[in-house]
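User: I am new to this structure and would like to learn how to read its features one at a time. Could we go through it together?

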Amino acid sequence: MITRLWWSLLRINAIVSKELRQLSRDRITFGMIVMIPLIQLLLFGYAINTNVRNVPTAIVDQSHSATGRMLVESIKATQVVDVIASYATPQQGQQAIMDGKVKAVLVLPSDFQRRIDQQQVIGQWLVDGSDALISSTIMQLQKMPLTEVIPQRKVQPNNFEVTLYFNPERRSAINIIPGLLGIILTMTMILFTSVTIVREREQGNLELLITTPIQPLELMLAKITPYIFIGIIQSIIILGLGYVIFDVPINGSLVQIFLGTVLFILASLTLGLVISTKATTQLQAMQMTIFILLPSILLSGFMFPYEGMPVVAQWIAEVLPTTHFIRIIRGIVLRGADLVDLWRDTLWLVIFTIIGLVIASIRFKKTLD
């Protein structure tokens with residue numbers, strides 16, 4: 001009995017040793033074992049911050065008073081807002097919110113001093129309500145104590161009026177569902193194409209491709225074309241059900257939504273192709289997809305405000321196509337913007353797609369290695 005158990009342990013040990021040696025030779029898998037928990041630790045511990053800071057804000061100071069300037073400086077000192085612009089009229093501030101230039105506008109009216117003397121509401125916040133965390137943070141400022149700035153000001157329950165655009169009821173579905181479209185497309189489009197070249201190699205079909213006159217770029221385009229239609233179908237399902245079930249308004253043009261979504265689908269598919277030319281097995285391709293998916297969920301602004309992230313995390317987020325698409329789809333669906341208004345994000349998706357196709361074409365070699 002003891003002898004039989006001994007030989008069983010030896011056989012188990014032999015297989016364990018073989019698996020460990022095989023794992024040590026699989027550099028991509030071994031790297032993922034280390035990198036995925038490391039990235040999660042850094043993202044959750046360092047980059048993810050639910051305390052919103054540096055919200056892009058504009059000022060409309062029609063009072064032109066020293067007290068008004070002191071009030072603005074006091075609000076700046078909270079570090080909740082980052083004043084990046086000033087406008088002459090509330091209408092200009094409202095348009096800046098519509099265009100996505102700022103998230104909030106503080107309006108100090110011309111009768112600012114009279115309102116102070118009569119203990120009335122002294123100003124107004126105009127807020128992009130599509131992001132519930134940002135709107136909640138700004139609403140906290142309406143109750144900030146002002147006795148140090150305005151000594152004669154008695155304690156008031158609300159010092160400012162707050163006007164929420166796009167989501168006055170502060171329903172989370174209005175913000176989540178357009179962003180969810182970006183996350184679902186990221187996951188499915190990258191995963192679908194990341195295994196394409198690898199699957200051809202594993203199934204032995206790469207030999208047939210080698211014997212054909214097809215060029216690498218032609219192969220890349222042929223590989224992603226069917227998935228474009230799949231991505232469009234997914235988009236229709238998500239936005240359609242969001243409209244019917246969750247009453248998410250679609251304020252922008254359907255043509256603009258279609259064009260922006262196709263650009264993002266192309267960017268995601270080309271990223272999947274780049275992964276496919278690097279991975280040697282379908283398992284590795286899936287692992288590398290997760291490596292991209294985690295930052296896309298956590299840094300894109302889908303779950304946590306972009307403004308609350310450290311600068312380094314924002315740099316990483318700016319590289320990810322998901323960050324730019326979430327801005328585009330929320331801008332079009334919720335604010336009624338178009339791709340011209342969001343030209344920076346649109347241009348990045350175009351550049352990313354072109355670079356991805358070039359890299360994937362160069363990396364693909366018509367060989368059996």
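User: Which helices do the buried residues of H15 pack against?

Analyst: Before the answer, please keep in mind that this is a predicted model. The buried residues of H15 pack against H10, H11, helix H13 (311-319) and H14. Those buried residues are Asp 345, Thr 346, Leu 349, Phe 352, Thr 353, Gly 356, Leu 357, Ala 360 and Ser 361, and they cover an arc of only 155 degrees around the axis, which puts them on the same side of H15. On the face turned away from that buried side, H15 carries the exposed residues Arg 344, Ile 354 and Ile 362.

User: How should I read a nonpolar core, and which residues of the largest one touch the most other members?

Analyst: The general idea is that in soluble globular proteins nonpolar side chains tend to be buried together. Here the largest nonpolar core has 47 residues, and those that touch the most other members are Leu 181, Leu 185, Met 220, Ile 265, Leu 269 and Ile 329. At least two residues of this core come from each of helix H7 (172-194), helix H8 (196-202), helix H10 (216-245), helix H11 (254-278), helix H12 (282-299), helix H14 (321-335) and helix H15 (343-363), and H11 gives the most, with 10 residues. Taking Met 220 as a case, and leaving aside its neighbours within four places in sequence, one finds it in contact with Ile 197, Leu 273, Leu 357, Ala 360, Ser 361 and Phe 364. Apart from this core lies another, of 22 residues, among them Val 52, Ile 59, Leu 108 and Leu 164.

User: Is Thr 322 buried or exposed, and what is it in contact with?

Analyst: Thr 322, whose place is in helix H14, counts as buried because its relative accessibility is 1%, and the cut-off for buried is under 20%. Its contacts, leaving aside neighbours within four places in sequence, are with Gly 182, Ile 183, Thr 186, Phe 264, Ser 296 and Ser 300.

User: Turning to the sheet, in what order do its strands lie, and which strands stand at the edges?

Analyst: The sheet is open and has five strands in the order E2-E1-E3-E4-E5, with mixed pairing. Strand E2 (81-86) and strand E5 (160-165) stand at the edges, and because each has a single partner strand, one side of each is left without a neighbour in the sheet. From one strand to the next the twist averages 25 degrees. As an example of pairing, strand E4 (residues 123-128) and E5 pair in the parallel sense over six bridges, and Asp 128 stands opposite Tyr 165 in E5.

User: Which helix packs on the sheet, and which of its residues are buried?

Analyst: Helix H3 (residues 66-77) packs on the sheet, touching strand E1 (55-61), E2, strand E3 (104-108), E4 and E5, and its direction makes about 155 degrees with that of E3. In H3, the buried residues are Thr 67, Gly 68, Leu 71, Val 72, Ser 74 and Ile 75; they cover an arc of only 160 degrees around the axis, which puts them on the same side of H3.

User: What does Ile 97 touch?

Analyst: Ile 97 is found in helix H4 (residues 90-98) and is buried, with a relative accessible area of 0%. Not counting residues up to four places away in sequence, Ile 97 touches Val 102, Ala 104, Val 105, Leu 126, Val 127, Asp 128, Tyr 165, Phe 166 and Arg 335.

User: Finally, which residues have a positive phi, and where do they lie?

Analyst: As background, most residues other than glycine have a negative phi. Among the positive cases here is His 64, with phi near 50 degrees, placed in the loop between E1 and H3 and counted as exposed at 64% relative accessibility. Asp 247, with phi near 55 degrees, lies in the loop between H10 and H11 and is exposed, with a relative accessible area of 51%.

Key. Residues numbered from 1 in each chain as written. Predicted model: local features only at pLDDT ≥ 70, side-chain atom pairs only at ≥ 80, totals over all residues. Heavy atoms only, no water. Pairing = 2+ DSSP bridges. Helix = DSSP H or I, 4+ residues; strand = E, 2+ residues; numbered from the N terminus. Axes fitted to C-alpha atoms, helices over the stretch in contact; angles between N-to-C directions. Contact = heavy atoms within 4.5 Å. Buried < 20%, exposed > 50% of the residue type's maximum accessible area, 1.4 Å probe, protein only. Arc of directions from axis to C-beta. Core = buried A, V, L, I, M, F, W, Y, C linked by side-chain atoms within 4.5 Å.
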